[in-house]
Amino acid sequence: MDQVFDVADLITAIEQARINVAEGLRGAYGAKVAYAGLLNQKWEGFDWFELQHNDSSDEGKAVRKEKEAFYEVLKGEQHSNPHKIWGDIRKYAKTDRYGKPVVEGEQGGEGEGEQGSDNAKHNRSPQLRNLEELTALFKFNRRQDSLSDELKQCQAYIAKALESLGVDIGMIGD
């Protein structure tokens, strides 16, 4: 870590470090969004992200068990604030399920407007829309008994696109 660089090498090292940080953040964001989406699939019958930490229902217990397992993984990686990350995941899950609320006066993108449960207009971000729709296609194709060569190639491209968004293909359930 305490390498000595000449000026040109130092500038190159800084530029690469900057890129590494940005790529790490993009990958972390994609992983959190994908995890939130998978939890939404697991608990599609209720808004798990709205439950209070002391909810004693069966749903609350299931969410708390998942949260504790997630905290253990983060603590194993010496993460200093797992509560913040869990909060982010809950926020991404709500956005995944209902879309991002549109601030009054903003115009939504083409074909993205949806009516949420509170009848407010919502839009999905381009990132979220791509993650959701590519994931749905990936899962659909994977469930098929057989695919044509063209669709097999398409499935490979879909997997590559999801990976470029930071999704671990192995973590996508059925």
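Modeller: What follows begins with the whole chain and then stays with one residue and its surroundings.

This is a predicted model, in which local features need pLDDT of at least 70 and side-chain atom pairs count only at pLDDT 80 or more, while totals for chains, interfaces and linings use all residues. Residues are numbered from 1 along each chain as its sequence is written, and side-chain values use heavy atoms, with hydrogens and water left out.

The protein chain has five helices and three strands, which are DSSP runs numbered from the N terminus (H or I of at least four residues for helices, E of at least two for strands). Read from the N terminus, the order of these elements is α-α-α-β-β-β-α-α. Of its 174 residues, 29% count as buried, where buried means under 20% relative accessible area, exposed means over 50%, and partly exposed is in between (1.4 Å probe, protein chains only).

The part I would look at is Trp48, which sits in the loop between helix 1 (7-42) and helix 2 (58-76). Trp48 counts as buried because its relative accessible area is 1%. Setting aside residues up to four places away in sequence, Trp48 touches Ala36, Leu39, Asn40, Trp43, Val63, Trp86, Ile89, Arg90, Ala93 and Arg97, a contact being heavy atoms within 4.5 Å. One of these residues, Ala93, is 45 residues from Trp48 in sequence, yet their C-alpha atoms are 8.7 Å apart. With Asn40 there is also a polar contact, side chain to side chain, at 2.8 Å. That term covers a pair of N or O atoms within 3.5 Å; within protein, one must be able to donate a hydrogen and the other to accept it, and residues adjacent in sequence count only if both atoms are side-chain atoms.

Trp48 also belongs to the largest nonpolar core, which has 29 residues and in which Trp48, Phe70, Trp86, Ile89 and Leu162 have the most contacts. Helix 1, helix 2, helix 3 (82-98), helix 4 (126-143) and helix 5 (149-164) each give at least two residues to this core, and its largest share, five residues, comes from helix 3. A nonpolar core is a set of buried Ala, Val, Leu, Ile, Met, Phe, Trp, Tyr and Cys residues joined through side-chain atoms within 4.5 Å.

The aromatic residues deserve a separate look, since a pair of aromatic rings is described by the distance of the centres and the angle of the planes. Trp48 is part of one aromatic cluster together with Tyr35, Trp43, Phe46, Phe49, Phe70, Trp86 and Tyr98. The structure holds eight aromatic pairs, meaning rings of Phe, Tyr and Trp (its six-membered ring) with centres within 6.5 Å, called stacked if the planes are under 30 degrees apart, edge-to-face if over 60, and tilted for the rest. Phe49 and Tyr98 make an edge-to-face pair, at 6.3 Å centre to centre and 80° between the planes. Phe49 lies in the loop between helix 1 and helix 2 and Tyr98 in helix 3, so this pair ties together parts that are 49 residues apart in sequence. Phe49 is itself buried, at a relative accessible area of 3%. Phe70 and Trp86 make a tilted pair, at 5.7 Å centre to centre and 45° between the planes; this pair links distant parts of the chain, with Phe70 in helix 2 and Trp86 in helix 3, 16 residues apart. Both of these residues are buried, and beyond its neighbours within four places in sequence, Phe70 is in contact with Tyr35, Ile85, Trp86 and Ile89.

Arg97 is partly exposed at 22% relative accessible area, and Asp47 is partly exposed at 26%.
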